[in-house]
Amino acid sequence: MLLCRWIPRVCVAGLFTTTAVLAVAPAQAQPAMHQIRYTVGASQDIANAEIYYRDVDPPNWADYSHNPYLYTPNAEANLGPGQPWVLEAALANPDDWAMVVVGLPGPTTAPLEEPGFVCELRVDDVVVATDSGTKGALCSIRPW
């Protein structure tokens with residue numbers, strides 16, 4: 001008789017515990033993704049310009065800082081008037097991670113004539129950063 005009274009209480013307690021856990025654990029919401037467009041160009045022909053960019057959000061600052069090149073791919077591109085390099089990506093946190101940088105292909109390459117390299121960063125089709133420079137250009141809205 002004692003066993004019959006104890007088992008239903010355990011079952012009811014288990015039912016409430018399971019229900020409470022399901023109610024507390026909300027479904028994982030996907031972050032809103034922002035459309036990113038990086039455009040890089042040059043005022044004169046340059047072969048193999050070095051371009052680094054971010055096309056995925058690192059999971060956190062610690063992971064990024066331990067291996068930034070894992071989250072910052074490199075591309076080499078031939079640039080010149082009317083010959084830009086363009087990349088479209090999607091980032092959840094562009095204020096933290098959106099970035100493109102372009103530079104000379106090697107230390108012995110002479111700087112370009114003004115304006116030199118140019119870059120533009122768009123987030124959701126709004127220009128948020130531009131830059132130019134004879135040795136390179138950086139477009140970013142990162143706070144760091």
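What is the handedness of the link between cysteine 119 and cysteine 139?

## Disulfide

The link of cysteine 119 and cysteine 139 is right-handed, with 100° about the S-S bond. The two sulfur atoms lie 2.1 Å apart, and a disulfide is a pair of cysteine sulfur atoms within 2.5 Å. Cysteine 119 belongs to strand 6 and cysteine 139 to strand 8, so the pair ties together parts that are 20 residues apart in sequence. Strands are DSSP runs of E with at least two residues, helices are runs of H or I with at least four, and both are numbered from the N terminus.

Cysteine 119 counts as buried at 6% relative accessibility, as does cysteine 139 at 0%. Buried means under 20% relative accessible area, with a 1.4 Å probe and protein chains only.

## Basis of the model

This is a predicted model, in which local features need pLDDT of at least 70 and side-chain atom pairs count only at pLDDT 80 or more, while totals for chains, interfaces and linings use all residues. Residues are numbered from 1 along each chain as its sequence is written, and side-chain values use heavy atoms, with hydrogens and water left out.

## Arginine 54

Arginine 54 lies in the loop between strand 2 (46–53) and helix 2 (61–66). The side chain of arginine 54 reaches the backbone oxygen of tryptophan 97 at 2.9 Å; the backbone oxygen of tyrosine 71 is 3.3 Å from a polar atom of that side chain.

## Tryptophan 85

Leaving aside residues up to four places away in sequence, tryptophan 85 touches residues including Tyr38, Ile51, Leu79 and Val100, where contact means heavy atoms within 4.5 Å.

Terms used:
A polar contact is a pair of N or O atoms within 3.5 Å; within protein, one must be able to donate a hydrogen and the other to accept it, and residues adjacent in sequence count only if both atoms are side-chain atoms. Buried means under 20% relative accessible area, exposed over 50%, partly exposed in between (1.4 Å probe, protein chains only).
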